Protein chains: 12
Amino acid sequence: MSDHIYKKIEIVGSSQTSVEDAINNAVNRAGKSVKNMRWFEVQEIRGHIDDQKVAHFQVGLKIGFTIED
Amino acid sequence: MSDHIYKKIEIVGSSQTSVEDAINNAVNRAGKSVKNMRWFEVQEIRGHIDDQKVAHFQVGLKIGFTIED
Amino acid sequence: MSDHIYKKIEIVGSSQTSVEDAINNAVNRAGKSVKNMRWFEVQEIRGHIDDQKVAHFQVGLKIGFTIED
Amino acid sequence: MSDHIYKKIEIVGSSQTSVEDAINNAVNRAGKSVKNMRWFEVQEIRGHIDDQKVAHFQVGLKIGFTIED
Amino acid sequence: MSDHIYKKIEIVGSSQTSVEDAINNAVNRAGKSVKNMRWFEVQEIRGHIDDQKVAHFQVGLKIGFTIED
Amino acid sequence: MSDHIYKKIEIVGSSQTSVEDAINNAVNRAGKSVKNMRWFEVQEIRGHIDDQKVAHFQVGLKIGFTIED
Amino acid sequence: MSDHIYKKIEIVGSSQTSVEDAINNAVNRAGKSVKNMRWFEVQEIRGHIDDQKVAHFQVGLKIGFTIED
Amino acid sequence: MSDHIYKKIEIVGSSQTSVEDAINNAVNRAGKSVKNMRWFEVQEIRGHIDDQKVAHFQVGLKIGFTIED
Amino acid sequence: MSDHIYKKIEIVGSSQTSVEDAINNAVNRAGKSVKNMRWFEVQEIRGHIDDQKVAHFQVGLKIGFTIED
Amino acid sequence: MSDHIYKKIEIVGSSQTSVEDAINNAVNRAGKSVKNMRWFEVQEIRGHIDDQKVAHFQVGLKIGFTIED
Amino acid sequence: MSDHIYKKIEIVGSSQTSVEDAINNAVNRAGKSVKNMRWFEVQEIRGHIDDQKVAHFQVGLKIGFTIED
Amino acid sequence: MSDHIYKKIEIVGSSQTSVEDAINNAVNRAGKSVKNMRWFEVQEIRGHIDDQKVAHFQVGLKIGFTIED
């Protein structure tokens, strides 16, 4: 078996409803331009407050994917 | 446009159901005494365990708000 | 009142649906071999991506429990 | 039981004798303006040196207290 | 000489020209409501980009001030 | 001389009087079930506040001990 | 309103004169290949010393930009 | 497919020759009492110096293993 | 002399034999699509364990390269 | 008033009795070769365990002192 | 070409006007006793506040220099 | 037995072949001017890339040595 090489990119997903939804949005969008995604690592959880209420959850994550030879 | 100044305060919200709910509780409570809230940054996620089950999710966050001149 | 002593162990729970569910799974499983659990501290949130979608949320946590005399 | 909300403030206590004394000084002083204090978290331990000897221990701590509804 | 107690607050200053100016703005604004300021500690340097150019430097800092007895 | 292997465990000791006493309590209790303890590393210093006074110092530490072959 | 997705890239700008100039250089160069830049976060400030004097300030920053659908 | 639960333990391996050898020693020794090991994460690289030369490389690592139901 | 601008990318190399080999694999693979690489910074050292033995060393690194005008 | 320049050195003090004593030992010993010491910053608190009891508290600190022109 | 060895020292420069000036002051002063300085790394940016205004910017930096054989 | 005092210095070793070799080079060179070295702590692993290949591994380490009375 060969030794794999991975690349990580950093994406921030946002969602009006949940942390998980923000992660899913980020992964789904990244999948439009990146193939062979393998894992993600949450870097930070933040969000905007609008009109005194949470408006968006924003989750920064690193996404790792296999680089093909 | 003038240069804004913000203040950050640190609040811990808790919830029996979810991380998002704990964040919402913290933001809603902070809004009773602070105006012009703009963003939050999650600092830590912890919780109490009672009777061998998760009893509360506790989320520590910093809340940033505009200080008016 | 005596001075309590606690031990912390590190567990990674996973879930196909949510961060909270992964935490609950970790705490429930830990409870099979550890008594008197008192709190948890989230250390990291990661996950696997399969077929270009989030397959599992993985939450690493420390669980603190009282050591009896 | 309701979901509690806490606020954290950051105080630096100092003492010519010990780390514990600096913590006690900080907590006692904070208690003059804050009610329902629940816990503290040490952030840093520093100090001044005067005439080639330790003059003051300075302990930075966060103090958490319950915000009443 | 008595043992001093300090409080730290967290302020974000912004400026269209420089990091130092953002710090000065933050300290000047904080001085309107806080007396006896003694030191600051830079926590983060960020900024907004508008129309493909840096629009504001934002500097987050902690400001320490003496609490009088 | 052979190459040693060590294990680290994480213990939280508490004391009503001092940081050192909390460390001693943790090490003494750990010694009831672990042999050949060699060193400790303080991870965090926290504590409970009760009735507006420090009630307990809590010190989290890692304890390293030799694993025998 | 839709939920935005951002990407972050990491750039190091350098300047013989100032930290701000190094940031501006980095943002301006990034703007040649990236559109819709929104914010930057300083990661590190370093520099080269030549002939016993500061020759370059080097500022590492993350730049966030909106990914269009 | 079920949701896996993992436990992490912290081991320090040492070796007179290399970092990799210290890691292998730690993993091999841990395998005597732990089954289903899956991954390791290096936490720190240190070592002893004796007679003005490196005597041992010491590598602290966390080892993750599947907890069976 | 002009002021250089660099970009950093994050790559994970793996190797069955050593940390250095994993770094070399990562740098060699990155060189297929990136020119003018100048330095690397190790971010993390991890690895897979298979059949109770280290199967792969995985080294995450940032690679810096000059962006040409 | 001129702009001061300081140097920091890193010292580890040890004591069989307390953290404060270890700090004092470190500062006193440093003062034999360094003049104009101004402050210290605790970096780590560790210790040796001997015969199942704490044998030494070890406190690593940075000591800052004015460099004269 | 031989393998270089470098030493790092930690210096705090101060300036009434700017961060860059504080860095320059630190590097210039260090150059009086250290030769072959090669790079610096900013560790912290702090400052004194006097009479409710920033009195000094203080920049802590590590300076690396080649040790000759 | 007396209470030992240690000093730490920070050295960067480099090697064209391995991390261990870079550590050995750093320790050997430090031993020319420092006596009674006791331990080292790796701070960072970096390196130069030349002609699209790793040219040097650079390992930053702290070296602790006993200060004699």
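Chain A and chain K don't touch: between these two, the nearest C-alpha atoms lie 22 Å apart. Keep in mind that you're looking at a predicted model. Chain E and chain H don't touch either, with 25 Å between their nearest C-alpha atoms.

Now for how two of the copies relate. As background, a rotation about an axis plus a shift along it relates two copies of a chain.

Next, zoom in on strand 3 of chain A, which covers residues 53-66. Is this strand largely enclosed or open? Of its 14 residues, 12 are buried, so strand 3 of chain A is largely enclosed by the rest of the structure.

| Partner of strand 3 of chain A | Sense | Bridges |
|---|---|---|
| Strand 1 of chain A (residues 5-15) | antiparallel | 10 bridges |
| Strand 2 of chain A (residues 37-50) | antiparallel | 12 bridges |

On the strand 3 side, A:Leu61 is the bridge partner of A:Ile11, while A:His56 stands opposite A:His48.

Finally, have a look at the hairpin formed by strand 2 and strand 3 of chain A. Two residues sit between these strands, and A:Asp51 takes a positive phi near 55 degrees in this hairpin.

Terms used: Residues numbered from 1 in each chain as written. Chains lettered and ligands numbered in written order. Predicted model: local features only at pLDDT ≥ 70, side-chain atom pairs only at ≥ 80, totals over all residues. Heavy atoms only, no water. Contact = heavy atoms within 4.5 Å. Buried < 20%, exposed > 50% of the residue type's maximum accessible area, 1.4 Å probe, protein only. Helix = DSSP H or I, 4+ residues; strand = E, 2+ residues; numbered from the N terminus. Pairing = 2+ DSSP bridges.
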